[in-house]
Amino acid sequence: MNRYEKNRIAVACICTGMIDLFRRDRTPATVENILTRIAERGQAVTLTLPDPTADELRAVRNRVLELTRLFTGTKISPLVLSSFLLAIVENATPKAEGETRRAFIALHTAVRHLHTYYDRNLRHFDQYRQAANLADRWQQAI
């Protein structure tokens, strides 16, 4: 398994795991449907990738833990979080091929729907910058 596949597994796990950050006491039904779709498509991505060995799984776990370090002590809005997820999915997609690429495109579509829900007019550039900074730090960390 190469580093791109490890990164893809980490991205799928992050997308699936971070949807809980969007859930609140009164999550709108639309958001709940989108989050369910993201979870299903994130799971579909992991099914298209090879099974990792114990060492590879540890490397993936370290990538996910690195993300925790990036987010520690920062208050993140749903818009920044959805922009960040969109960026890391976009970065993981280009080198994917075949079934994995199709699964990532479906995941990207679901994350884009979530982002559009929080920012219908696409005009919060300061928050996009914050998400881009997080995505850049993520790319450097892996």
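**Ala-39 and onward**

Guide: Ala-39 is partly exposed, with a relative accessible area of 22%. Buried means under 20%, exposed over 50%, and partly exposed in between (1.4 Å probe, protein chains only). This is a predicted model: local features need pLDDT of at least 70, side-chain atom pairs count only at pLDDT 80 or more, and totals for chains, interfaces and linings use all residues. Residues are numbered from 1 along each chain as its sequence is written, and side-chain values use heavy atoms, with hydrogens and water left out.

Visitor: Where is Ala-39?

Guide: Ala-39 sits in helix 2 (residues 29-48). Helices here are DSSP runs of H or I, at least four residues, numbered from the N terminus.

Visitor: And what does Ala-39 contact, leaving aside its neighbours within four places in sequence?

Guide: Thr-16 and Ile-19, with those neighbours left aside. Contact means heavy atoms within 4.5 Å.

Visitor: How far apart are the C-alpha atoms of Ala-39 and Glu-56?

Guide: They are separated by 22 Å. Along the chain, the two are 17 residues apart.

Visitor: New topic. How many salt bridges does the structure hold?

Guide: There are 2. A salt bridge is a side-chain nitrogen of Lys or Arg within 4 Å of a carboxyl oxygen of Asp or Glu. Asp-55 pairs with Arg-58 at 2.3 Å, N to O. Glu-99 pairs with Arg-102 at 3.0 Å, N to O.

Visitor: Where do Glu-99 and Arg-102 lie?

Guide: Both are in helix 5 (residues 98-118), 3 residues apart, about one turn of the helix. Asp-55 and Arg-58 are also 3 residues apart, in helix 3 (residues 54-71), so about one helical turn separates them.

Visitor: Is Asp-55 buried or exposed?

Guide: Exposed, at 53% relative accessible area.

Visitor: On to packing. What is the angle between helix 1 and helix 4?

Guide: About 155°, with the axes 10 Å apart, for helix 1 (residues 3-18) against helix 4 (residues 78-92). Helix 1 is therefore roughly antiparallel to helix 4. Axes are lines fitted to C-alpha atoms, for helices over the stretch in contact, and angles run from 0 to 180 degrees between N-to-C directions. Under 35 degrees counts as roughly parallel, over 145 as roughly antiparallel, 65 to 115 as roughly perpendicular, and the rest as oblique.

Visitor: Which residues of helix 1 meet helix 4?

Guide: Asn-7, Arg-8, Val-11, Ile-14, Cys-15 and Met-18. On the helix 4 side are Leu-81, Leu-85, Ile-88, Val-89 and Ala-92. By class, that contact has 9 nonpolar, 1 polar and 1 charged. Ala, Val, Leu, Ile, Met, Phe, Trp, Tyr, Cys and Pro count as nonpolar, Asp, Glu, Lys and Arg as charged, and the others, Gly among them, as polar.

Visitor: Is Asn-7 buried or exposed?

Guide: Buried, at 8% relative accessibility. Setting aside neighbours within four places in sequence, Asn-7 contacts Arg-63, Ala-92, Trp-138, Gln-139 and Ile-142.

Visitor: What about helix 4 and helix 6, what angle there?

Guide: About 45°, with the axes 8 Å apart; helix 6 covers residues 125-141. That makes helix 4 oblique to helix 6. Their contact has 10 nonpolar, 5 polar and no charged residues.

How values were computed:
Helices (H or I, at least four residues) and strands (E, at least two) are DSSP runs, numbered from the N terminus.
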